[in-house]
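Thanks for coming. I will walk through one structure this morning, and I will start with a question once it is on the screen.

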Amino acid sequence: MSTRKISDSNSSANCSSTRRNFLKSSTAAAATAPFWFSTAQDPAKAFEGPSNRHVLGCIGTGSRWEGDDGPRAMKYADCVAVCDVDAAHADKGRAIVEKVMSKKGRSAKPDVYGDYRRILDRKDIDVVTIVTPDHWHTKIAIEAMQAGKDLYCEKPLTLTIDEGKQIIKVLDQTKRVFQVGTQQRSEMHLNFLKAVAMVRDGRIGKLKRAICDIGGAPTSQTLDRVPAPQGFNWDMWLGQAPKVDYMEKKVGKDLETRGHYEFRWWYEYSGGKLTDWGAHHVDIAQWAITGDEMAHTGPHTIEPVHYVHPVPFKNGYPTVNDRYNTATEFTVRCEFADGVEIVIKNHVPEGNGIVFEGTNGRFHVGRGRESLFGEPVDELKSKPLPQTLLTELYKGKKPGDHMRNFFECVKTREQPVSDVYSHHRAITTCHLANIAMRLGRTIKWDPQAEQIVGDAEAQQWQSREQRKGYEIRV
Ligand SMILES: NC(=O)c1ccc[n+]([C@@H]2O[C@H](COP(=O)([O-])OP(=O)(O)OC[C@H]3O[C@@H](n4cnc5c(N)ncnc54)[C@H](O)[C@@H]3O)[C@@H](O)[C@H]2O)c1
């Protein structure tokens, strides 16, 4: 039943206009720069030699870090420290660092910490990866920026809408380089980059709708209250979330838990599929719809057309606390200016990805080599996309490796392709969809003021109470 281990492997007006100019001027600069980053054949070569290597600290060394972010970051930086609140994961992280670095002919003896602040305290570390569960991203990211680090932080960047505003405030203050881990903007055969370019170039006429299939969330058995595994600092893992007992249940070969990996299916730590995969597909859909203005706008109406929660809810909260609780099925309609809409669904016939529909046609984009299809895609053979459009979208750099894009930007001091400002807007749409489903009613959103309007109760859901000792301060 469970979908296991499928890796989706208010700021002031003044500030806002400065940011708009910055984003525009970097796009303009990109348009005149050569399309492909000037590095010779192997771009990783630009990061060879001690003076070119960055010094990396890794916070959170669970499944995504191990399978992707950690080894990739070590192509461009030397890892000197790992940190995880589960000692077993931290130790596994250490072993991986030693192995990966030794394959590169560098000996590494990374320091191992259980508290991320020890990494932020170190002056020798200039870059950090943050690959923790979602409810920890904002606090660690803000403190990392305040400590002067550049950062690659996994998606979904935030747990609430207000957290996004807090991150932006600190980013504007500190001007760190910050990549969000939405690799669809860089990778997957460039399918998504091409899809955005096709929409922006009018290949389906006027865009009417983007239908996102992000899959549904799994259900679980009733979990057992058991002691957390030895060496696992459960209190710290919980962070800002309410204090509860650790729970798990072995089901066949799978372990259903309230902790590692499965945190995604608990609203206390995440937003279910809406934020787990919405972070990817809603991001691309919104990029195609709003283009350069993405960082300043969003939907105005969010309607929960259909949704199923796996446990009973009252006043927006699950009434039982020992089973996964995020939505398993859903159709949420998000309306933007001019009647363009994003429909977020757990399933569409074409499969995982996005169907773009316009006045002159429709096409599908997904992750696989064959997943960009439809008549407008066939037409690319005789009428290719203008290179300048792809160049502009990717801000003048060479797409293909999201981590490389981050490290290139660390050198050039530009914001990477998955910039915080646009991601905040995409993930806001996903948070609004969850609020609408949890409260069971249509939400009206003012994208300029970044406020839910006409619904005082729903407005409270833009932030959450944070547990004492784990508050996020800016
Ligand atoms: N971009 C993608 O396609 C993609 C794919 C998978 C996961 N992710 C994201 O990566 C993040 C991690 O997911 P995962 O599947 O690796 O989860 P996971 O549970 O396997 O790993 C998270 C790790 O963070 C550790 N951790 C928790 N709180 C911490 C803290 N305060 N300090 C240090 N370590 C802490 C946990 O102990 C665990 O080892 C999530 O936000 C997820 O959405 C992104």
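Which residue in S10 stands opposite lysine 250? It is leucine 255. Before going on, two remarks on what you are looking at. This is a predicted model, so local features need pLDDT of at least 70 and side-chain atom pairs count only at pLDDT 80 or more, while totals for chains, interfaces and linings use all residues. Residues are numbered from 1 along each chain as its sequence is written.

On names: helices (H or I, at least four residues) and strands (E, at least two) are DSSP runs, numbered from the N terminus. Two strands pair if DSSP finds at least two bridges between them.

S9, residues 247-251, is joined to S10, residues 254-257, by four bridges, and the two run antiparallel. Their hairpin has two residues between the strands, and glycine 252 takes a positive phi near 60° there. S9 is also joined to S8, residues 224-225, by two bridges, again antiparallel. In that pairing, arginine 225 stands opposite methionine 247.

Next, the open sheet. Six strands lie in the order S3-S2-S1-S4-S5-S6, with parallel pairing. The edges are S3 (111-113) and S6 (178-180), each of which pairs on one side only. Neighbouring strands in the sheet are turned by 20° against each other on average, direction ignored. For angles, axes are lines fitted to C-alpha atoms, for helices over the stretch in contact, and values run from 0 to 180 degrees between N-to-C directions. S2, residues 77-83, is joined to S3 by three parallel bridges, and valine 82 stands opposite valine 112 of S3. H3 packs on this sheet, touching S1 (54-59), S2 and S3, and its direction makes about 165° with that of S2. Contact here is counted between two residues if their C-beta atoms, placed from the backbone, lie within 7 Å.

H3, residues 87-103, also packs with H2, residues 63-73, at an angle of about 40° and with the axes 11 Å apart. H2 contributes Trp65, Glu66, Gly70 and Pro71 to the contact, and H3 contributes Lys92, Gly93, Ile96 and Val100. By class, that is four nonpolar, two polar and two charged residues. Ala, Val, Leu, Ile, Met, Phe, Trp, Tyr, Cys and Pro count as nonpolar, Asp, Glu, Lys and Arg as charged, and the others, Gly among them, as polar.

Last, the ligand. It is surrounded by 31 residues, the closest being Gly60, Gly62, Ser63, Arg64 and Glu154. A residue is near a molecule if its C-beta atom, placed from the backbone, lies within 6 Å of it. H2, H5 (134-146) and H8 (234-238) each supply at least two residues of this shell. H2 gives the largest share, three residues. By class, the shell has eleven nonpolar, twelve polar and eight charged residues.
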